Amino acid sequence: MTDHLHLSGVSHGYGDRKLLNAVDLAIHHGEHVAIVGENGAGKSTMLRLLAGVEKPDDGTAGLSGNPGYRVGYLAQTHGFSESLTVGDAIDASLASLRSLEARIAELESGLADADSEDLEFYGSLQTEYQLREGYAAESRVEAALDKLGLGGLDRRRTLGSLSGGEQERVALACLLADPAEALLLDEPTNHLDANGTAWLESRLAAHRGTVVVVSHDRVLLRKVATTIIEVDADRRSVNRYGNGYEGYLREKAAERARWIQEYDQWLDAMAAERLQAATVADGMGYGRKRDNDKMAFGFKAGTWQSAAASKVRNAQERLRRLEDNPVDRPPVPLKLAAPSRVAAVAEVASEAAVEASGVSVPGRLQSTDLRVDTGQKVLITGPNGAGKSTLLSILAGTLEPATGTVKLNGKVGYLQQELEVPARPGLRLLPAFAAGLGGNIDAHAEGLLRLGLFRPAEFHVPVGGLSAGQQRRLALARLLLGGYDTMIVDEPTNHLAPVLVEQLEAALASFEGTVVIVSHDRALGEWFDRSAAAGVRTAAAGTWVRYGMQDGALL
């Protein structure tokens with residue numbers, strides 16, 4: 001089929017911030033595509049452009065091919081009025097199908113007098129109705145509501161009487177009641193539990209049409225996507241990768257290897273031209289043995305000097321061209337700076353790195369005791385509202401508990417789930433990174449550049465102008481290079497591109513200090529469990545421990 005979603009020469013942004021620049025993209029019927037990238041890169045914007053709910057500043061976007069090809073779009077925030085009832089929302093989602101039913105019924109009443117053209121039209125409508133499994137629409141709605149944790153929901157209730165998560169699940173059930181040929185979904189697992197997520201993955205993987213999903217959920221990416229489209233925030237472009245999520249990771253690793261090779265070749269070429277210029281220049285002062293023909297000697301020496309000078313100039317010109325077209329240095333894989341007390345780890349291994357006794361916050365956290373030994377890796381999981389972030393804020397010292405005490409040993413670094421608005425939005429990125437870390441600003445610039453989280457040109461961008469993903473990368477850079485003994489990390493995968501998350505997991509695994517992580521990321525949980533089962537241990541012989549939380553209690 002020729003039906004496909006496309007972006008053709010699309011440039012788009014908001015205000016002074018351009019997200020996409022001259023982007024071309026085609027997604028063909030039947031492809032299952034995941035759009036990935038850091039927050040603020042333009043993933044949701046691209047989905048809205050493909051769905052036709054937003055028009056690009058330049059270029060064209062939307063559907064090419066059959067005008068009857070249906071596109072179903074699920075935004076992160078549903079578009080229904082909160083005054084509608086659940087039943088109204090379901091009826092609206094099935095309106096097209098019910099209109100088709102009514103048209104078929106109308107034609108059936110006159111079949112006795114129908115001519116061949118009318119019969120052919122009736123047959124085409126019947127075929128469409130069967131392909132859309134119209135007879136099963138109501139049962140699909142009920143099944144979807146049940147699988148999404150809304151079984152038995154009174155359809156007379158208004159959407160405004162439901163929680164935000166419940167409203168989004170109703171919207172998802174409506175989208176799948178009569179699924180369009182192309183399904184475009186923005187972070188569809190945000191409000192789903194494990195059962196609901198597993199059901200959605202199966203539905204999307206089995207969909208015979210097109211699926212385009214924006215998601216940070218790496219488990220969903222592995223199960224649903226055959227193609228990965230990465231939005232490059234720095235270059236305002238998109239890149240396509242085949243062979244699913246694992247193929248995407250392999251190709252990203254190959255890209256990095258090519259980058260390293262290109263950088264090494266550039267360094268070698270620079271060194272060769274410098275050596276060429278220096279060697280010839282040194283030889284220009286060489287005094288060969290004079291003979292009795294003074295005129296001939298002078299002529300030959302002048303000719304040689306002229307030729308040598310030309311070689312030096314040519315080498316310097318080649319060197320200048322190389323310097324004018326540098327190859328950026330490839331970033332090293334993310335790595336946490338050694339703990340400040342790493343030399344004394346063996347001596348303090350019997351101490352608790354973090355110890356909370358009877359800490360509580362009314363309505364948010366029940367009385368809780370927690371001991372984290374030096375070198376331990378601890379993961380805390382649980383549903384939204386379970387009290388996970390509250391506990392971490394208490395451990396990090398940013399929230400005072402109503403009762404109880406917290407004792408910390410060593411230098412503690414804390415990465416919050418939701419970053420605060422910069423106190424000095426006009427401060428440039430590099431000084432903001434170096435603030436409070438001590439040392440030389442040039443050394444900080446070198447360390448930040450080595451991580452590869454930012455390009456040199458971005459060092460002078462005001463922090464108030466950074467995207468959510470860039471803000472997260474800045475906080476992560478400060479955490480990585482801070483030399484902390486204990487890392488308290490709340491939802492570390494939020495806002496980050498998948499490849500960076502994979503690197504962060506490896507960095508946390510090799511960290512010699514103590515780590516306490518809160519996360520709802522299923523892939524991170526699977527990584528943690530694999531590491532624990534494999535007996536991965538730190539230099540401090542730390543163990544891996546997983547806790548659950550529910551209703552403000554540590555399980």
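1. Glu 446 is partly exposed, with a relative accessible area of 35%. Here buried means under 20% relative accessible area, exposed over 50%, and partly exposed in between (1.4 Å probe, protein chains only). The model is predicted: local features need pLDDT of at least 70, side-chain atom pairs count only at pLDDT 80 or more, and totals for chains, interfaces and linings use all residues. Residues are numbered from 1 along each chain as its sequence is written, and side-chain values use heavy atoms, leaving out hydrogens and water.

2. Glu 446 forms a salt bridge with Arg 329, with the closest N and O atoms 2.9 Å apart. A salt bridge is a side-chain nitrogen of Lys or Arg within 4 Å of a carboxyl oxygen of Asp or Glu. Glu 446 sits in helix 14 (residues 441–451) and Arg 329 in the loop between helix 10 and helix 11 (345–348), so the pair ties together parts 117 residues apart in sequence. Helices (H or I, at least four residues) and strands (E, at least two) are DSSP runs, numbered from the N terminus. Arg 329 is partly exposed too, at 32%.

3. Salt bridges that share partners join Arg 218, Arg 222, Glu 246, Glu 502, Glu 505 and Asp 521 into one network. The count of salt bridges comes to 33.

4. Arg 70 pairs with Glu 181 in a salt bridge, closest N and O atoms 3.4 Å apart. The two are 111 residues apart: Arg 70 is in the loop between strand 4 (58–64) and strand 5 (71–74), Glu 181 in the loop between helix 6 (164–177) and strand 6 (182–186). Arg 70 is buried at 18% relative accessible area. Glu 181 is partly exposed at 27%.

5. Arg 320 and Asp 324 meet in a salt bridge of 2.6 Å, N to O. They are four residues apart in helix 10 (residues 294–324), which means a separation of about one helical turn. Arg 320 is partly exposed at 38%. Asp 324 is partly exposed at 47%.

6. Ser 215 lies in the loop between strand 7 (210–214) and helix 8 (218–224). Ser 215 is buried, with a relative accessible area of 3%. A polar atom of the Ser 215 side chain lies 2.9 Å from the backbone nitrogen of Asp 217.

Terms used:
Polar contact = N/O pair within 3.5 Å; in protein donor to acceptor, adjacent residues only side chain to side chain.
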